[in-house]
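Please have the viewer open while reading.

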Amino acid sequence: MNRKIMFLMLVASLILVLSIPAMARTQFISIATGGTGGTYYPLGGGMAEIFNEFVPNVNATAEVSGASVENSRLVQNQEVELAFVQNDIAYYASTGTELFAGKSLSDIRGVAMLYPEIIQIITTENSKINSVNDFKGKRIAVGAPGSGVEANARQVIEAYGLTYKDMTVDYLSFSEAVDQLKDGHVDAAFLTAGIPTAAVIDLAATHEVKILNINNEIVDKLIAKYPFYTKAIIPAKTYSGQVEPVQTVTVKAMLITNKNLDEELVYNLTKSLFGNLDRLSQIHAKGAAIDLYKALIGMPIELHPGSKKFFREVFKDVIDLLND
């Protein structure tokens with residue numbers, strides 16, 4: 001085959017590719033979630049199923065990741081299209097505070113709020129701890145280093161007028177904290193997660209679990225200083241042996257994206273998600289906790305224009321909720 005024929009074939013192929021409408025090309029969507037044992041990963045898989053079925057020319061997959069902090073950076077760097085994060089982490093990322101001190105991630109945008117992730121302060125009956133005020137001189141698990149849980153723990157402890165210097169702190173994951181509670185090597189632990197939390201259920205199977213109440217004064221102080229917190233109640237009987245409801249605070253899981261992702265694509269993804277919540281709840285129980293009418297409550301960062309377009313259609317008379 002001579003060079004002239006090869007050149008003509010190459011030109012013809014290029015013309016064919018360029019003639020395909022942009023919307024007809026497959027858009028690959030990576031959804032950064034968390035570990036396989038958490039909620040983010042299976043819920044992200046359910047969302048991917050919905051996007052693949054209801055958004056034309058989309059191929060979405062859920063990806064295992066290090067959760068909120070890593071996910072924020074992945075979105076900022078456009079390494080993924082969507083990601084699960086806690087709304088407090090999104091706030092820190094966008095403002096360059098706490099875990100992101102001096103390194104704000106200015107390109108992340110909100111898609112929607114999802115479900116509560118409740119701050120749970122757990123101990124056992126043997127510890128004799130009845131309040132965070134009793135943490136002085138105790139050994140407390142405050143979450144993995146650099147995690148959202150650790151920031152939550154530090155802020156709650158601070159609201160009680162204490163610091164880490166008043167206690168011995170261990171930087172432990174959920175599973176490590178529960179193991180250490182079982183063995184009596186720590187006296188209490190902070191967990192931030194949807195309820196019921198598997199790690200607490202596991203602990204309650206072998207120990208009398210106590211979940212500490214955060215009183216109204218402390219709740220109000222936290223919300224005044226950190227606007228991403230909201231009041232929450234852990235209902236009675238959420239865990240074995242828990243006979244009374246427990247007051248605490250919550251952050252929320254949310255979806256984020258990059259400001260540069262196509263507006264119409266984000267609009268279609270948001271619309272398909274909220275148009276198929278019944279389907280999502282069948283795939284994963286946490287899908288039932290996602291509420292269209294609470295999808296903007298606690299939104300800590302600017303909305304992506306595609307999501308804003310969708311919510312404007314739904315809430316035509318509630319423009320002030322859309323960060324205008």
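The lining of the largest cavity consists of seven nonpolar residues, one polar residue and no charged residue. The model is a predicted one, and the structure holds one cavity of 30 Å³ or more.

**Cavity**

- The largest cavity holds about 30 Å³ of space.
- Its lining is made up of F51, L82, V111, L255, V266, L269, T270 and L273.
- Helix α9 is the main contributor, giving four residues to the lining of the largest cavity.
- α9 spans residues 263-274.

**Largest pocket**

- The volume of the largest pocket is about 930 Å³.
- The pocket is lined by 39 residues, and G38, T39, F174, T192 and A193 are the closest to its centre.
- By class, this lining has 17 nonpolar, 19 polar and three charged residues.
- Helices that each supply at least two lining residues include α2 (40-54), α3 (68-76), α5 (148-159), α6 (174-183) and α7 (198-204).
- Strands β4 (108-124) and β7 (188-193) also each supply at least two.
- The most comes from α3, with three residues.

**Second largest pocket**

- The second largest pocket contains about 350 Å³ of space.
- Of its 21 lining residues, Y115, P116, K252, A289 and K294 lie nearest the centre.
- The lining divides into 13 nonpolar, three polar and five charged residues.
- β4, β9 (230-234) and β10 (246-258) each provide at least two of the residues in this lining.
- β4 gives the most, with five residues.

**Nonpolar cores**

- The largest nonpolar core has 85 residues.
- Within this core, the residues with the most contacts are M47, F51, I121, F135, F190, F274 and F311.
- β4 gives the most to this core, with eight residues.
- Another core lies apart from the largest one and has 21 residues, including I118, A232, Y239 and V246.

**S272**

- S272 is located in helix α9.
- The relative accessible area of S272 is 7%, so this residue is buried, the cut-off being under 20%.
- Beyond its neighbours within four places in sequence, S272 is in contact with I50, F51, F54 and V55.

**Strand pairing**

- Strand β1 (residues 27-32) pairs with strand β2 (residues 58-63) in the parallel sense, over six bridges.
- S30 has T61 as its bridge partner in β2.
- β1 also pairs in the parallel sense with strand β3 (residues 82-86), over two bridges.
- A32 has A83 as its bridge partner in β3.

**Recap by element**

- β1 has parallel pairings with β2 and with β3.

Technical notes: Residues numbered from 1 in each chain as written. Predicted model: local features only at pLDDT ≥ 70, side-chain atom pairs only at ≥ 80, totals over all residues. Heavy atoms only, no water. Pairing = 2+ DSSP bridges. 1 Å grid on protein atoms, 1.4 Å probe; cavity = no way out; pocket = protein on both sides within 12 Å on 5 of 7 lines; lining within 4 Å. Points joined across faces, edges and corners; volume = space filled by probe spheres on them. Nonpolar A, V, L, I, M, F, W, Y, C, P; charged D, E, K, R; others polar. Core = buried A, V, L, I, M, F, W, Y, C linked by side-chain atoms within 4.5 Å. Buried < 20%, exposed > 50% of the residue type's maximum accessible area, 1.4 Å probe, protein only. Contact = heavy atoms within 4.5 Å.
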